[in-house]
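Please check each point against your own view of the model.

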Amino acid sequence: MFKDTIAFIRDLYQTEDFIPLHEPRFIGNEKQYLEDCIDSTFVSSVGAFVDRFEADMAQFTGAKHAIATVNGTAALHVALLLAGVERDDEVITQPLTFIATCNALSYIGAHPVFVDVDKTTVGLSAEKLEHFLKHETIMVNGACVNKTTKNKIKAVVPMHTFGFPADIAGIAQLCERYNIALVEDAAESLGSYYKGQHTGTFGLLGTLSFNGNKTITTGGGGMILTNDSNLAKAAKHLTTTAKVPHPWNYEHDRIGFNYRLPNLNAALGCAQLESLPQYLENKRDLANIYKSFFESQDVIFIDEPKDTRANFWLNALLLKNKSERDAFLKETNDNGVMTRPIWKLMNKLPMFQHAQTANLDNAEWLEERIVNIPSSVRI
């Protein structure tokens with residue numbers, strides 16, 4: 001049934017071997033920078049490459065500050081803490097996301113509230129968010145309070161799914177109106193823009209991921225983005241075990257985290273970032289090729305939303321129903337072409353099945369139809 005698709009993807013990647021969903025590419029100074037890092041003996045959380053990676057990432061995204069962390073989940077965990085989220089507070093997010101989004105707020109003891117996504121962006125819906133805030137919350141002494149649970153809603157966390165920017169301007173306006181912190185999960189969207197502004201820079205804080213399957217990788221790694229100098233200073237302090245600077249004494253002024261990115265990983269990141277513009281153009285070309293092919297196959301290729309420029313991290317298809325989706329997944333994977341469904345909705349997982357949910361019709365519809373197809377940079 002999908003033989004033409006399998007053959008087309010094999011032709012794109014010029015191989016009869018197994019084709020992964022997304023694998024890293026190392027075409028620049030990776031080996032040289034790693035050797036330089038080893039020669040320096042600074043391979044842990046202090047070193048010139050960490051400083052450089054943070055500065056380069058701030059410049060690329062347009063954020064005033066970038067603080068490197070061991071992974072994207074750690075970045076989001078700290079970002080939520082800095083946004084004022086505490087135990088038993090609530091955080092509004094989308095049910096259609098990778099589990100790290102919900103894990104991060106759960107580390108604090110906060111509770112997710114799930115609001116639906118848009119079909120066009122596959123990210124948190126500003127329209128559905130506005131409906132929830134208007135009908136399900138009240139303002140008490142300047143704080144947004146959930147009518148049902150009586151808990152404060154401290155943050156909204158949209159996720160830019162597959163690198164497609166959510167309606168982040170609309171979401172930001174609502175957060176400002178209801179006095180809720182906006183923390184962007186931009187883990188998948190390095191190189192994605194909404195009306196010319198990089199994702200992760202619209203809210204109080206944003207976070208990125210450099211896992212091995214991302215557009216660029218540090219092996220494992222993340223980044224906190226912010227335009228607030230005080231928050232940036234606090235982020236660096238908190239992720240460095242809250243150690244008070246001193247020539248020799250070990251002084252710590254609060255519970256901190258050993259979340260700083262090692263210099264060795266940052267060296268890899270510096271080299272990868274140099275190749276990022278080339279990767280983004282390569283992935284955009286691949287997306288356009290896929291788009292043309294699937295138009296002739298009567299399959300919907302999910303394209304970038306209006307007013308955005310996506311990084312096309314993972315290309316995605318929208319099949320007619322769950323039955324066709326499952327048939328596509330089986331045939332492609334049986335033939336050595338890796339494809340994957342979108343994540344199971346968070347509210348269906350045992351850890352979050354008691355979480356408050358709004359109407360999730362869009363998320364449920366998308367869950368049954370979306371598949372990701374091979375999206376690695378073609379070299």
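1. Terms first. A pocket here is an open set of grid points with protein on both sides within 12 Å along at least five of seven lines, and a lining residue has an atom within 4 Å of a point. Helices and strands are DSSP runs, numbered from the N terminus. The model is predicted.

2. Largest pocket, volume and centre. The volume is about 490 Å³. The lining counts 29 residues. Closest to the centre are Phe98, Glu188, Asn213, Lys214 and Trp313.

3. Largest pocket, make-up. Which element gives the most to the lining? Helix H4 does, with 3 residues. The elements that give two or more residues are H4 (72-82), helix H5 (100-108), strand S10 (205-209) and strand S17 (340-341). By class, the lining splits into 14 nonpolar, 11 polar and 4 charged residues.

4. Second largest pocket. This one has a volume of about 340 Å³. Its lining has 15 residues, and Lys236, His237, Thr240, Lys243 and Pro245 lie nearest the centre. Helix H3, helix H8 (229-238) and strand S12 (243-244) each give two or more residues to the lining. H8 supplies the largest share, 4 residues. The classes come out as 5 nonpolar, 5 polar and 5 charged.

5. How many cavities of 30 Å³ or more does the structure hold? The count is 1. The largest cavity has a volume of about 40 Å³. Its lining consists of Ala187, Glu188, Ser189, Leu190, Ser209, Phe210, Lys214, Thr215, Ile216 and Asn311. That lining divides into 4 nonpolar, 4 polar and 2 charged residues. Note Glu188 and Lys214: both line the cavity, and both are listed among the residues closest to the centre of the largest pocket.

6. H3 against H9. Two packed helices are described by the angle between their axes and the distance between the axes. For H3 (residues 48-61) and H9 (residues 263-295), the axes come within 7 Å and cross at roughly 30 degrees. Angles under 35 degrees count as roughly parallel, so H3 and H9 are roughly parallel to each other. Their crossing is left-handed.

7. H3 and H9, side by side. From H3, the contact takes in Ala48, Phe49, Val50, Arg52, Phe53, Asp56, Met57 and Phe60. From H9 come Asn263, Ala266, Ala267, Gly269, Cys270, Leu273, Glu274, Leu276 and Leu280. By class, the contact has 12 nonpolar, 2 polar and 3 charged residues.

8. H2 against H9. Helix H2 (residues 30-40) packs on H9 at an angle of about 160 degrees, with the axes 8 Å apart. Angles over 145 degrees count as roughly antiparallel, so H2 is roughly antiparallel to H9. The crossing is right-handed.

9. H2 and H9, the contact. H2 brings Glu30, Tyr33, Leu34, Cys37, Ile38 and Ser40. H9 brings Asn263, Leu264, Ala267, Leu268, Cys270, Ala271, Gln272, Glu274 and Tyr279. The classes are 10 nonpolar, 3 polar and 2 charged. Asn263, Ala267, Cys270 and Glu274 of H9 meet H2, and these four residues also meet H3.

Methods:
Residues numbered from 1 in each chain as written. Predicted model: local features only at pLDDT ≥ 70, side-chain atom pairs only at ≥ 80, totals over all residues. Heavy atoms only, no water. Axes fitted to C-alpha atoms, helices over the stretch in contact; angles between N-to-C directions. Parallel < 35°, antiparallel > 145°, perpendicular 65-115°, else oblique. Left-handed = near helix turned anticlockwise from the far one by under 90°. Contact = heavy atoms within 4.5 Å. Nonpolar A, V, L, I, M, F, W, Y, C, P; charged D, E, K, R; others polar. 1 Å grid on protein atoms, 1.4 Å probe; cavity = no way out; pocket = protein on both sides within 12 Å on 5 of 7 lines; lining within 4 Å. Points joined across faces, edges and corners; volume = space filled by probe spheres on them.
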